[in-house]
Amino acid sequence: MPQIKPGVAINLGTELYHIDKLVGSGAFAKIYQASMLDADDLTDLEGERKVTLKVQQPGCPWEFYINSQVHERVSRLQDPMDIKPSLMSIDAMHVFSDGSVLVNEQHSCGSLLDIINLYRTAGKKMSEVMVVFYTLEILYIVEQLHRCHIIHADLKPDNFLIRDGFEDKTECLFSGELRGLKLIDFGISLDMELFPPNTTFRARSNTSAFQCIEMQTGKPWSYQADLYAIVSTVHCMLFGEYMKAYYEGGRWKITQTPRRTHDPVWRRFFDTFLNIPSCDELPSLSYWISEFHQCWEEKKKTFDKEKWAQYTMYFEKH
């Protein structure tokens, strides 16, 4: 694999890229912003187009496979709600003996975690209507992934990118395409079609704050990995901090309490997703989409104001 660091130009296949800067680093990958260059004019380091390069050592060709499968299977669903624009799309992956480089489009509005942290820094919490909006989007995305027999296995605020500002009128939202989020990082996703029917797991994820109850208690799990991560992500939005669960009176509960002004749906939502009886008795995501749609209808009149306040806060900071 070519040496990749800020300030250098590299060839990947037939394309030439200038590495602008390192924008993120995790346990398994480094993320760079890069500019696609014109090979005939190397003085133009601004480039025609900005992209994101995900550099992994050792390589992870699995992510290209699973991402391709996700898009293919979601297309076959022909669901009235098109979630494909809300799923990471890989432009190219270059695999070497000692690593891999994944190329995809750049997003300029940060992640859901960035937004949550902005609110915390400002001493605020995300407005309930924004939490309802993002919760509905997450439920739609995960419901279709699970129908495609895919477990993302790494859902968290960092892996939901905020899509660029949109002009859609509130009444058009949820009318056929999602608008607010894009799910990324399928590197440890599970393709359940590659396992015998009813396969379950006992391994634990590396992200302790998003380990489902079954992982914490040594019980078998399957889709609970994503279901617990949904409520953990929602908890971060609603309360501005990571979720802590405890066991009392035969039920798992959260340490935080929704405000009196919050919709009653939140208490039932947390209780249901924290207390899943078994791998054979999973909550219906379609049902919860319906429940949050009712909540959305009641609160959406304040959405436009809150949406633009959020975008303004982000871009003022950056």
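This is a predicted model: local features need pLDDT of at least 70, side-chain atom pairs count only at pLDDT 80 or more; totals for chains, interfaces and linings use all residues.
Visitor: What kind of aromatic pair do the rings of Phe269 and Phe273 make?
Guide: Their ring centres are 4.7 Å apart, and the planes meet at 50°. Stacked would need under 30 degrees and edge-to-face over 60. That makes the pair tilted.

Visitor: Which parts does the pair of Phe133 and Trp296 tie together?
Guide: Here the ring centres are 5.8 Å apart with planes at 40°, so this pair is tilted. Phe133 is buried, at a relative accessible area of 1%, and Trp296 is buried with a value of 1%. The pair ties together parts 163 residues apart in sequence, because Phe133 belongs to helix H3 (residues 128–147) and Trp296 to helix H7 (residues 285–299).

Visitor: Which strands stand at the edges of the sheet?
Guide: The open sheet has 6 strands in the order S1-S2-S3-S4-S6-S5, with antiparallel pairing. An edge strand has a single partner, so one of its sides lacks a neighbour in the sheet. Those at the edges are strand S1 (9–12) and strand S5 (92–96).

Visitor: What is the bridge partner of Lys21 in S3?
Guide: Strand S2 (residues 15–25) runs antiparallel to strand S3 (residues 29–36), and 7 bridges join them. For Lys21, the partner in S3 is Gln33.

Notes:
Residues are numbered from 1 along each chain as its sequence is written. Side-chain values use heavy atoms; hydrogens and water are left out. Rings of Phe, Tyr and Trp (its six-membered ring) pair if their centres lie within 6.5 Å; planes under 30 degrees apart count as stacked, over 60 as edge-to-face and the rest as tilted. Helices (H or I, at least four residues) and strands (E, at least two) are DSSP runs, numbered from the N terminus. Buried means under 20% relative accessible area, exposed over 50%, partly exposed in between (1.4 Å probe, protein chains only). Two strands pair if DSSP finds at least two bridges between them.
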